[in-house]
Amino acid sequence: MSLSSKVVTAVNSVLPSTTAPFNLLALLWDELIQGEGACHYHHDGTRLIIQYTDWERPGAGGPFTMQMHLYPSGIVEYHYLTMPPPASGSATIGIQNGDGTDGLTVALDADYARDGLAIRFAYLPHWLHIS
């Protein structure tokens, strides 16, 4: 899911990348289709929860059920509920900024996502200052 880009591409890559959608939250960046599934969102007062229920990869797996939690503090969490193998074998899982110059690839074309997995992205304040 991109928070700003209108670019739609099923061709995933390593992050960061200037050819990938900007402001990208790559929960499972691959060619996925809704099929019989659904996408829902809910704000519980502390976070926005976006859930993809029973999404599929054409001819290669699913149905997948997973969530993205977005917190006002900037923390982002990915939660994977149902990920039948090969779940993320051809996908990118990660995050990147608004111009594709900073990001983090958690997994690229590796069967990493599994039932019950959670990933948290959080900014850690500087713990040491030298003056």
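**Before you start**

Residues are counted from 1 along each chain as its sequence is written. Because the model is predicted, local features need pLDDT of at least 70 and side-chain atom pairs count only at pLDDT 80 or more, while totals for chains, interfaces and linings use all residues; side-chain values use heavy atoms, with hydrogens and water left out.

**Stop 1**

Switch to a cartoon view and select residues 38-43, which make up β2. Strands here are DSSP runs of E with at least two residues, numbered from the N terminus. β2 belongs to an open sheet of five strands, in the order β2-β3-β4-β5-β8, with antiparallel pairing. Two strands count as paired if DSSP finds at least two bridges between them. Strands of a sheet pair through backbone hydrogen bonds, either parallel or antiparallel.

Which strands stand at the edges? They are β2 and β8 (118-121), and each has a single partner strand, so one side of each is left without a neighbour in the sheet. Neighbouring strands of this sheet are turned by 15° against each other on average, direction ignored. The axes behind that angle are lines fitted to C-alpha atoms, and angles run from 0 to 180 degrees between N-to-C directions.

**Stop 1**

Six bridges hold β2 and β3 together in the antiparallel sense, and one to pick out is His-43 with Leu-48. In the hairpin of these two strands, four residues lie between them, and Gly-45 there has a positive phi near 100°.

The term stands for a side-chain nitrogen of Lys or Arg within 4 Å of a carboxyl oxygen of Asp or Glu. Arg-47 is partly exposed at 22% relative accessibility, and Asp-44 is partly exposed at 34%. The cut-offs are under 20% relative accessible area for buried, over 50% for exposed and partly exposed in between, using a 1.4 Å probe and protein chains only.

Leu-48 has Leu-70 as its bridge partner in β4, and Gln-51 has Gln-67.

**Stop 3**

Select Arg-57, in the loop between β3 and β4. Is Arg-57 buried or exposed? Arg-57 is buried, with a relative accessible area of 7%. Its side chain meets that of Asp-30 in a salt bridge (2.8 Å, N to O). Asp-30 sits in the loop between β1 and β2, so the pair ties together parts that are 27 residues apart in sequence. Both residues are buried.

**Stop 2: two aromatic pairs**

How many aromatic pairs does a search of the whole structure find? The search finds two. Rings of Phe, Tyr and Trp (its six-membered ring) pair if their centres lie within 6.5 Å; planes under 30 degrees apart count as stacked, over 60 as edge-to-face and the rest as tilted.

Show Tyr-52 and Trp-55: their ring centres are 5.3 Å apart and their planes stand at 85°, so the pair is edge-to-face. Then show Tyr-78 and Phe-121, with centres 5.1 Å apart and planes at 70°, so this pair is edge-to-face too. Tyr-78 lies in β5 (residues 76-82) and Phe-121 in β8, so the pair ties together parts 43 residues apart in sequence. Tyr-78 is buried at 0% relative accessibility, and Phe-121 is buried at 10%.

Arg-120 is exposed at 51%, whereas Glu-77 is buried at 11%.

**Stop 3: the three-stranded sheet**

Finally, select the open sheet with the order β1-β6-β7, where the pairing is antiparallel. β1 (25-29) and β7 (103-108) stand at its edges. Trp-29 stands opposite Thr-92 in β6. Click on Thr-92, which is buried at 0% relative accessibility. A polar atom of its side chain lies 3.0 Å from the backbone oxygen of Ser-13.

Technical notes
Polar contact = N/O pair within 3.5 Å; in protein donor to acceptor, adjacent residues only side chain to side chain.
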